[in-house]
Amino acid sequence: MFDRPSPSRMQYMSLIPISLALGDKPSDNINAFPAPSVDKEAQNEKLRKARLINKISLHTVIRHPLTRNELLLPVILNQINCSSEMAQLMTKNAPLLGARSKRSLSVGERVVESASTLWDYFFTIVWHFLTVWLYPVVTLGFAIGLISHRIFAEVILRVLEWRFHPDSWALKDVLATTQQVDIRLQQFCYWPNQYLTLRERKDEWESVTDRHPDYIRFYNSLWLVINDVIIGIAIAFYIIDNAEWVAFQINTILSGWTVEGLRNMIVWLTDAPAGLKLNNELAVFLGALFIRVIDYWKGGSFQV
């Protein structure tokens with residue numbers, strides 16, 4: 001009668017849209033020290049929103065009491081979301097409802113059963129080796145690597161957030177590179193908690209939609225980091241393969257904008273620009289001075 005929502009594809013019906021806001025993220029950071037102008041603008045924006053909320057609260061809307069069908073609507077949607085898993089569960093347990101009498105096995109069936117038993121015994125031994133001997137070693141190595149990474153990340157974050165004075169700027173507030181490093185390290189430190197939260201999803205019904213925002217946030221941040229790494233590696237290989245051409249283009253652009261362009265502009269200004277009458281002696285003196293500075297800059301930049 002209807003297409004059941006697939007829990008494996010995270011399909012479900014809901015009366016409210018999904019929220020991707022972090023529930024464990026603090027709203028205000030007391031240790032942060034923003035710029036005075038930014039702090040003032042944020043405070044003014046907060047006051048403006050507070051005034052708008054007060055105005056909206058004055059315009060009340062008459063709400064009628066919910067009917068019996070409207071009250072049962074969340075329960076009905078929950079049953080619809082669980083219908084797919086209920087169908088799978090009933091299909092899986094259908095053979096257990098009535099047991100039929102078994103006939104005696106033939107010679108061929110006994111040979112097949114013995115071969116299957118031998119393969120099952122072999123797979124049992126391999127599975128025992130993987131779960132009892134190999135899995136604990138791999139888990140211990142992964143845990144040690146994760147703890148080491150967390151300690152290293154915490155040390156770097158402390159360095160980036162250190163302030164010489166409570167009213168001074170932190171290193172992450174000064175440089176864009178350190179800000180990106182701070183964001184990535186915070187994501188790396190938060191991934192284990194998100195993964196453990198997603199593991200708890202397997203202990204419940206897949207139709208329970210409380211874990212979907214965590215699932216989306218985890219793989220969204222993971223994909224953003226992977227995307228940055230892929231783009232960085234692609235650009236690095238492109239620069240390595242075309243190093244001479246890239247260096248020539250950068251040299252041409254820099255020399256054209258910072259050297260030749262300024263030189264031509266100064267020469268133009270020293271010789272009656274746009275028909276304007278200037279002090280020739282002063283213009284020639286200042287032009288020669290600035291051209292000398294440009295030549296000095298050109299020699300130093302090309303050596304680098």
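Student: Is Met13 buried, exposed or partly exposed?

Tutor: The model is a predicted one, in which local features need pLDDT of at least 70, side-chain atom pairs count only at pLDDT 80 or more, and totals for chains, interfaces and linings use all residues. Residues are numbered from 1 along each chain as its sequence is written, and side-chain values use heavy atoms, with hydrogens and water left out. Buried means under 20% relative accessible area, exposed over 50%, and partly exposed in between (1.4 Å probe, protein chains only). Because its relative accessibility is 37%, Met13 counts as partly exposed.

Student: Where is Met13 placed, and which residues does Met13 touch?

Tutor: Helices (H or I, at least four residues) and strands (E, at least two) are DSSP runs, numbered from the N terminus. Met13 is in the segment before helix H1 (36-58). Contact means heavy atoms within 4.5 Å. Leaving aside residues up to four places away in sequence, Met13 touches Pro5, Leu77, Ile80 and Asn81.

Student: What separates the C-alpha atoms of Met13 and Asn81?

Tutor: Along the chain, Met13 and Asn81 are 68 residues apart. The separation of their C-alpha atoms is 6.6 Å.

Student: Is Ser84 buried or exposed, and which residues does Ser84 touch?

Tutor: Ser84 is found in helix H3 (residues 83-93). Its relative accessibility is 12%, so Ser84 counts as buried. In H3, Ser83, Ser84 and Glu85 are buried, and what covers the buried residues of H3 includes helix H2 (68-81). Not counting residues up to four places away in sequence, Ser84 touches Arg4, Pro5 and Pro7.

Student: How many disulfides does a search of the whole structure find?

Tutor: Cys82 counts as buried because its relative accessibility is 17%, and Cys189 is buried with a relative accessible area of 8%. A disulfide is a pair of cysteine sulfur atoms within 2.5 Å. The number of disulfides found in the whole structure is zero.

Student: What separates the C-alpha atoms of Tyr195 and Tyr215?

Tutor: Tyr195 lies in helix H5 (residues 176-199). With 43% relative accessibility, Tyr195 counts as partly exposed. Tyr195 and Tyr215 are 20 residues apart along the chain, and their C-alpha atoms are separated by 8.5 Å.

Student: Which residues of H6 are buried, and what does their cover include?

Tutor: The buried residues in H6 are His212, Pro213, Asp214, Arg217, Phe218, Ser221 and Val225. What covers these residues includes H5.

Student: How many Å does H6 reach from its first C-alpha to its last?

Tutor: The expected span of a helix is 1.5 Å times one less than its number of residues. H6 has 30 residues, and 44 Å is expected at 1.5 Å a residue. Close to that value, the reach of H6 is 43 Å.

Student: How are H6 and H7 placed to each other?

Tutor: Two packed helices are described by the angle between their axes and the distance between the axes. Axes are lines fitted to C-alpha atoms, for helices over the stretch in contact, and angles run from 0 to 180 degrees between N-to-C directions. The axes of helix H6 (residues 212-241) and helix H7 (residues 243-269) come within 5 Å and cross at roughly 90°. Angles under 35 degrees count as roughly parallel, over 145 as roughly antiparallel, 65 to 115 as roughly perpendicular and the rest as oblique, and H6 and H7 are therefore roughly perpendicular to each other.

Student: How many helices are there in the chain?

Tutor: Read along the sequence, the chain has the pattern α-α-α-α-α-α-α-α. The chain holds zero strands, and the number of helices is eight.
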